[in-house]
Amino acid sequence: MDLIEKGAALIREGKLVVFPTETVYGLGADATNDKAVASIFEAKGRPQFNPLIAHFASKEMLHDFVEVTPMAQKLIDTFWPGSLTLVLKRKENCKVSYLASAGLDTLAVRMPKHSIALSLIEKAGVPIVAPSANPSGTISTTTAPEVEAVLGDKVDLVLDGGPCSVGVESTVLLLTNEPAVLLRPGGLALEKIEQVIGPVIRPDKDPECPRSPGQLSSHYAPFRQVRINATDKKEGEAYLGFGPCDFQADLNLSATSDLTEAAANLFHMMHLLDREPFTSIAIAPIPFEGLGLAINDRIKRAAYPKRTIK
Ligand code: TXA
Ligand code: MG
């Protein structure tokens, strides 16, 4: 079996595979597998859940997962495969893990221009989510030996494709509204993008530019009030448990106190409880270790006082 096939088999088993793209090396996992996605955050040692980019092997494959707007289609026709990531609305039945979207109703998508990356995704038969292959807070990697040095013991396979030709991360554009918004400058120059779709909002340069509130937010916040470190369930509350629970939890992040399982379930379960008949959500205490740091970070943000309560 060749190495790419081996990588594809590992991805399907929920394992982590580092692969080259034209921008930087990516730390990849099956985008549709919650636990595999959670293990990316574990391997990177990320204290926060940032949303991830889902990588596709063809333009057609995309349509099952996100709403492709006419503006997005224009950019795809012009620049894919290449160093351009588009943030689009998830489709209702999108199979990509909510954790990869950090609970948002959007998904970042990209088709890399690298034969190993494309072949790996195609053989795996699923989109592959991949942040840059480096520990949290360190710089991205552009060669396989660099990856081996910093993540070698945390991943199941590193595919060596030589040095990355672009060497910086992809340009990220938010396309859920028009005009488009530049979320991250990167490997594809903004001037080239603007030649195709006209002016793009640059939050760094145009702080006055009109945009809808929350448009740039990359954090999911449930509509309902959230109470953290809750050891009891009050009238009207939904209770999201962790570990053994003396009373009936509405849902449990992990009955066996497994933090990777809890991370995998977090956003999906918050979405499930953020609805009638519940008036608020109570969440059990989560230990501050391993992925517990990122879980606590996220539920603390979710618990900020709400301005409006329905
Ligand atoms: O070149 C690249 O983009 C590399 C290769 C591996 O493809 N990947 C990469 O991933 O740089 P990462 O996770 O290091 O950066 C992804 C960026 C972050 O700034 C993240 O906030 C943004 O994309 N992003 C992802 N999904 C998003 C979403 N739904 N809404 C807003 N921003 C999103
Ligand atoms: Mg990165």
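In the predicted model described here, the centres of domain 1 and domain 2, taken over C-alpha atoms, are separated by 28 Å. The domain assignment, which is of an automatic or database kind, places domain 1 at residues 3-197 and domain 2 at residues 225-303. Contact between the two, meaning heavy atoms within 4.5 Å, involves 14 residues from domain 1 and 16 residues from domain 2. Residues are numbered from 1 along each chain as its sequence is written. Because the model is predicted, local features need pLDDT of at least 70 and side-chain atom pairs count only at pLDDT 80 or more, while totals for chains, interfaces and linings use all residues.

Together the domains bury about 1300 Å², 65% of it on carbon and sulfur atoms, where buried area is the accessible area (1.4 Å probe) that two parts lose on being put together, summed over both. On the side of domain 1, the residues that lose the most area to domain 2 are K35, F49 and Y98, which together account for 43% of what that side buries.

Between domain 1 and domain 2 there is 1 salt bridge, defined as a side-chain nitrogen of Lys or Arg within 4 Å of a carboxyl oxygen of Asp or Glu. K35 also takes part in a salt bridge with D258, in which the closest N and O atoms are 3.6 Å apart. The side of domain 1 that touches domain 2 comprises 7 nonpolar, 3 polar and 4 charged residues, with Ala, Val, Leu, Ile, Met, Phe, Trp, Tyr, Cys and Pro counted as nonpolar, Asp, Glu, Lys and Arg as charged, and the others, Gly among them, as polar.

Definitions and conventions
Chains are lettered from A and ligands numbered from 1 in the order in which they are written. Side-chain values use heavy atoms; hydrogens and water are left out.
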